[in-house]
Each structure stands twice: as structure tokens, then as C-alpha cells.
Amino acid sequence: MIHLHEVVKQYGTGANQIVAVDGVTLSVKEGEIFGIIGYSGAGKSTLIRLLNGLEMPTVGTVKVGGLEISSTKGKQLRMARQKVSMIFQHFNLLWSRTVKENIAFPLEISGVAKVEREKKVAELIELVGLSGRENAYPSQLSGGQKQRVGIARALANDPEVLLCDEATSALDPETTDAILDLLTGINKRLGLTIVLITHEMHVIRKICHRVAVMEAGKVVEIGDVLEVFQMPKEPITKRFVAQLTEPTDAKEAIEHIGEAFPTGKLVRLAFVGERTEQPLLASLIRKFNIDVNIVQGNISHTQAGAYGSLILQLVGDDKIIEQAIRYLHEHDVQTEVIGND
Ligand SMILES: Nc1ncnc2c1ncn2[C@@H]1O[C@H](COP(=O)(O)OP(=O)(O)OP(=O)(O)O)[C@@H](O)[C@H]1O
């Protein structure tokens with residue numbers, strides 16, 4: 001559905017030159033929810049704006065649904081933008097228009113007749129869960145309701161791709177989850193391709209099928225969300241994954257247990273899917289003559305299944321600990337020794 005080939009976006013010239021996107025090649029499949037994560041200044045906004053022609057690449061090509069956006073201009077580009085719509089962090093609603101007038105706006109622009117327009121607006125209001133709020137003004141709505149209006153408006157012209165620019169960053173955690181559930185439902189129901197940018201790993205975990213990690217304009221890591229969670233390769237990806245799998249108190253717990261039990265090995269286990277439900281720990285203790293202390297653990301759910309992370313202290317004979325770690329490997333559990341001797 002979307003193909004970027006060696007895309008560079010440069011702003012300014014000479015000493016003021018900034019390379020915001022630096023040689024990005026990636027594809028997004030039809031019907032996929034694709035997340036782009038990175039810290040502030042990584043180039044995410046620039047990249048997403050290249051997908052609807054709000055920015056044109058300095059070098060490289062951007063293709064969406066067979067059309068080369070990067071060489072399209074004028075009326076053809078305006079038509080293409082109807083197929084690639086966008087929602088924003090601060091909603092960008094028209095404050096003097098009601099909910100239904102905001103949603104009708106893109107339909108008016110594309111010349112849809114009044115009767116048809118009203119029918120479509122009513123369907124969209126139902127779809128995003130705003131029934132009863134049709135005549136409210138944006139100032140009378142909560143943040144979550146405003147974003148629902150933004151989503152309905154973005155869907156008005158039946159787009160093929162929905163771009164989400166930090167769409168939940170201004171919302172509280174509960175409202176964020178409700179909006180992410182709405183986007184997942186729309187993706188399933190309408191088969192819409194969704195590309196979102198975020199700096200929150202929670203958003204990636206909850207709704208994305210695949211993820212690209214951006215740093216200094218480059219995509220440094222890309223893959224299925226579950227795979228990236230299980231085996232992050234780049235240091236920046238490890239930091240993002242740790243946002244979810246290792247709460248801040250885990251570091252303290254590791255230090256504490258390290259002091260209390262200076263022997264043995266601290267091992268981080270990462271396991272996916274059915275493995276999260278197997279009593280592997282019980283069989284580890286039964287099978288090997290070692291002490292096992294649980295330092296920290298959690299299970300997260302992604303679109304592709306469950307992902308578990310567990311930090312253990314294994315105390316006992318070195319050779320037996322090595323055998324125990326091998327046993328975990330044989331049961332498809334990723335292990336990493338993170339502390340002690
Ligand atoms: N129109 C512009 N003119 C000049 N520089 C720009 C412009 N837009 C972005 N940049 C620069 O390009 C780099 C990437 O910015 P971009 O906004 O794409 O990153 P980001 O990952 O989306 O960060 P944020 O979340 O803070 O928006 C930054 O150094 C930024 O200052």
C-alpha cells in the first residue's frame with residue numbers, strides 16, 4: 001500500500017541545513033497498523049507528512065496505493081489526499097462548527113449532495129460513538145470526544161490510509177486506550193491501513209502489527225511488534241521496550257536483591273505466545289537443584305499475542321545454572337544474563 005524508497009528530506013541550506021529524514025526505505029502493507037516510534041526530533045512528523053504530500057522529499061520516492069505522491073501536484077494531489085487522511089494531536093477542529101458540521105466539512109469540499117452528506121455524517125457519528133452529541137461545539141467536548149470527531153471527519157471521504165500524528169498524546173491513559181480501541185475496531189471493520197507516529201511504546205504495543213524505530217532521521221530497526229519486543233536489537237529500541245517491561249522500581253529491586261544475595265546470576269527471560277501460559281518456572285525449580293528468586297515480571301498483550309518478561313536470580317552451582325539456562329533456551333525462552341558473577 002505504501003512504499004518509501006531511499007527518501008531524504010532536508011530543510012535549509014549550508015550551515016542551517018537539517019536532514020530530518022535520512023535515507024528511509026520501508027513498506028506498509030494494506031490493512032496493517034504500522035507504528036513509527038522515536039524521541040522528539042527523530043523525524044517522525046516529517047516522515048508522516050511525506051505520505052500525504054504535505055512535504056515533498058528532497059531525494060527518493062513515496063508511493064501510496066500505486067500513486068507516486070512525491071511527483072504529484074495540483075488537483076491530482078488534492079484528490080490523492082482524500083484517500084490519505086490524517087488525525088492530529090490537537091484535533092484541529094473548526095471551533096465555530098458543531099460536531100456534525102465538522103464531520104460534514106470534507107464532504108462539502110468534495111461536493112457531496114446534502115441528503116447523502118447527512119446520511120454519511122449520521123453513520124460516522126454512530127461509528128465513532130458520538131450519538132447524542134451531534135449538535136455540540138468542540139468547546140463542549142472532552143479530549144477523547146474531540147478526537148472521535150477528528151476520526152469521523154478523517155473517515156468522511158472513505159480513505160484507504162489513515163495517518164495518526166501523536167493522536168493520543170494529549171489524552172489521559174484511559175481515554176488513550178478508548179481511542180486506540182476505536183482505531184483497532186475501524187482497522188478491522190473497514191480494512192483501513194493505519195500509520196501512526198508516537199513516542200509511547202504503550203501505543204505500539206496495544207494496536208500496531210509492525211513497528212519502525214526512528215533515530216536521527218533514520219529507521220534503525222523495523223519488524224513485527226512481538227519480535228521487536230522479544231528481541232530488541234538497537235540500544236534505543238531496548239530503551240523503548242524497557243518503558244513497558246521494566247518499571248522504574250525494577251532497577252531498585254535488582255540492586256536490592258543483588259546486595260541481599262550477592263551470589264548466583266540475574267537472568268532476564270523474554271517469552272511469547274503460549275510460553276507465557278506454561279508453568280516453566282515450576283519445572284525449572286523441580287528439574288534443577290537451584291534457588292530461584294523472582295525479582296520482577298510482567299505480561300503484556302500485543303495485537304499478535306502475549307509477551308512476557310521475567311527477571312530471576314538463580315543461585316546454585318555454576319554448571320547447574322548453565323544447564324538451567326540451556327533448558328530455558330530449549331523451551332524457546334530468550335535469556336540474557338544481566339548481573340552478578
Ligand atoms: N519545516 C521545517 N523547517 C526546518 N526544520 C524542520 C522543519 N520541520 C522539522 N524540522 C527539523 O527536522 C527534525 C525532525 O523534526 P520532526 O518534527 O520530523 O521530528 P519528530 O520526531 O516528529 O519530533 P517531534 O515529536 O518533536 O515533532 C528536527 O530537527 C526539526 O527541527
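A: A crossing is left-handed if the near helix is turned anticlockwise from the far one by less than a right angle, and right-handed if clockwise. Helices (H or I, at least four residues) and strands (E, at least two) are DSSP runs, numbered from the N terminus. This is a predicted model: local features need pLDDT of at least 70, side-chain atom pairs count only at pLDDT 80 or more, and totals for chains, interfaces and linings use all residues. Residues are numbered from 1 along each chain as its sequence is written, and side-chain values use heavy atoms, with hydrogens and water left out.

Now the pair. Helix H3 spans residues 99–109. Helix H5 spans residues 143–155. Their axes lie 7 Å apart, at an angle of about 30°. Axes are lines fitted to C-alpha atoms, for helices over the stretch in contact, and angles run from 0 to 180 degrees between N-to-C directions. H3 is therefore roughly parallel to H5. That label covers angles under 35 degrees; over 145 is roughly antiparallel, 65 to 115 roughly perpendicular, and the rest oblique. The crossing of H3 past H5 is right-handed.

Which residues of H3 and H5 make the contact? H3 supplies Val99, Asn102, Ile103 and Pro106. H5 supplies Val149, Ala152 and Arg153. Contact means heavy atoms within 4.5 Å. By class, the contact residues of H3 with H5 are 5 nonpolar, 1 polar and 1 charged. Ala, Val, Leu, Ile, Met, Phe, Trp, Tyr, Cys and Pro count as nonpolar, Asp, Glu, Lys and Arg as charged, and the others, Gly among them, as polar.

Next, the sheet. Its 4 strands run in the order S2-S1-S4-S5, open and antiparallel. Strands pair if DSSP finds at least two bridges between them. Strand S2 (18–28) and strand S5 (67–68) are the edges, each pairing on one side only. S4 (residues 59–64) and S5 are joined by 2 bridges.
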